[in-house]
Amino acid sequence: MLVGVCDFPGSYAFPPAGYGGIERWLWAVAVGARAAGADVHLLGPGWLTDLEHDWVRKPVRLEDISTESLAERELRDTGYDLLVVGHEYPSFPAWTRTWNELDCDVATFQHSPVFQHTATAFDGQRSRLYCYSPEMIERYAEHQPIPDLAVHLGLNEEEPPATAGTDLVWLGRIDEEKAPHIAVRAAQILGRRIRIVGPVFDEAYVRRHERLFSADHVKWIGELGGPAKTTAIADASVFVYTYARTYVEAGAAVFGESLRAGTPMAALTWREGTCAHAALCDETGAVAVVDPREEDETAARRLADAIEQAESLDHQRVQAIGMQRFDPARHFQAMSARSC
């Protein structure tokens with residue numbers, strides 16, 4: 001099988017060293033496809049040039065190719081079986097025009113809870129959309145989505161053998177939507193230290209919760225990438241996951257990152273059928289479902305209970321399950337097969 005993994009015109013490099021959603025997923029698909037025995041071409045100029053010694057890299061984007069041009073003929077003659085792309089592309093007329101000339105499948109994963117696709121973007125066979133959770137499946141039901149857990153990989157983020165860590169960790173972008181202040185309060189209730197890893201996206205949000213964020217039990221780490229990021233997760237006793245009441249998580253990378261590192265998760269959710277429910281089980285974490293009408297203090301106390309429950313789990317068992325559940329080769333094999 002010949003697979004083309006198309007870059008995405010965003011701000012992150014391919015493969016990313018720390019953050020990024022679609023970018024980390026596309027790199028995981030490329031790695032997974034190769035591990036599953038497929039031949040892989042990296043399409044688009046966004047891929048790092050130093051990959052060329054080990055990967056076939058073609059710096060061309062389908063939306064930039066003219067009809068009946070030499071570039072179009074060369075792309076068609078290459079004989080791709082599958083293109084894997086960011087979720088916008090199948091709804092982008094310039095991209096789909098070229099793709100329709102190639103006689104190959106296309107697959108993508110929904111990384112946004114709000115992006116609106118064209119009515120004809122997916123048929124469930126030749127063009128396939130994958131979604132992480134029951135919540136996301138319901139939101140995109142008209143496009144015949146296929147359920148699967150997204151796998152994300154960064155550059156040089158291989159996981160060490162699992163060990164029982166010490167402090168709690170929260171990782172992500174720091175803003176109102178991700179609501180890390182609830183994780184900080186839950187840690188305070190338990191008398192535990194918590195490390196906050198990630199870039200500040202909203203200074204006003206941090207100021208609103210300054211009393212919590214400046215407490216002695218909070219350690220600000222900042223944005224990490226590569227081995228330092230993996231170590232920050234692996235060294236924790238529990239990964240604490242939060243988000244705001246109105247936010248819909250399309251498919252957070254942190255579930256796979258934490259479980260593959262052997263760190264159990266305590267997740268706060270405001271409804272059933274979320275990504276946390278899809279990713280976790282009794283052997284890998286604990287999920288606190290809180291009525292969104294409840295106050296933050298109630299949510300923090302419920303989350304604290306989940307942290308205590310998750311802390312009793314075996315880190316080696318968590319890692320074994322995480323490596324299987326979030327295996328790049330398994331993920332690619334699931335995506336490369338047409339639905340029935």
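## Salt bridges in the chain

The chain holds 24 salt bridges. The model is a predicted one. Side chains of opposite charge can pair when their charged atoms come close.

On the domain 1 side, 15 residues make contact, and they meet 24 residues of domain 2. About 1,400 Å² of area is buried between the domains. Carbon and sulfur atoms give 56% of that area.

Two salt bridges run between domain 1 and domain 2. Three residue pairs are in polar contact there. Helix 4 (residues 134–139) gives the largest share of the domain 1 side, with four residues. By class, that side has seven nonpolar, five polar and three charged residues.

## Glu-257 and Arg-24

Take the side chains of Glu-257 and Arg-24. They form a salt bridge, with N and O 2.4 Å apart. Glu-257 sits in helix 9 (residues 254–260), and Arg-24 sits in helix 1 (residues 22–35). The two residues are 233 residues apart, so the pair links distant parts of the chain.

Are these two residues buried or exposed? Glu-257 has a relative accessible area of 8%, so it counts as buried. The cut-off for buried is under 20%.

This pair also belongs to a network of salt bridges. Its members are Arg-24, Glu-157, Lys-229 and Glu-257.

## Glu-135 and Arg-271

Glu-135 forms a salt bridge with Arg-271. The closest N and O atoms are 2.3 Å apart. Glu-135 is in helix 4, while Arg-271 is in the loop between strand 12 (265–269) and helix 10 (275–279). This pair, too, links distant parts of the chain, 136 residues apart.

The two partners fall into separate classes of accessibility. Glu-135 is at 12%, so it counts as buried. Arg-271 is at 23%, so it counts as partly exposed.

## Arg-185 and Glu-297

Which residue forms a salt bridge with Arg-185? The partner is Glu-297, and the closest N and O atoms are 2.9 Å apart. Arg-185 lies in helix 5 (residues 180–190), and Glu-297 lies in helix 11 (residues 296–311). The pair therefore ties together parts that are 112 residues apart in sequence. Glu-297 has 32% relative accessibility, so it counts as partly exposed.

Technical notes. Residues numbered from 1 in each chain as written. Predicted model: local features only at pLDDT ≥ 70, side-chain atom pairs only at ≥ 80, totals over all residues. Heavy atoms only, no water. Contact = heavy atoms within 4.5 Å. Buried area = accessible area lost by both parts, 1.4 Å probe. Salt bridge = Lys/Arg side-chain N within 4 Å of Asp/Glu carboxyl O. Polar contact = N/O pair within 3.5 Å; in protein donor to acceptor, adjacent residues only side chain to side chain. Nonpolar A, V, L, I, M, F, W, Y, C, P; charged D, E, K, R; others polar. Buried < 20%, exposed > 50% of the residue type's maximum accessible area, 1.4 Å probe, protein only.
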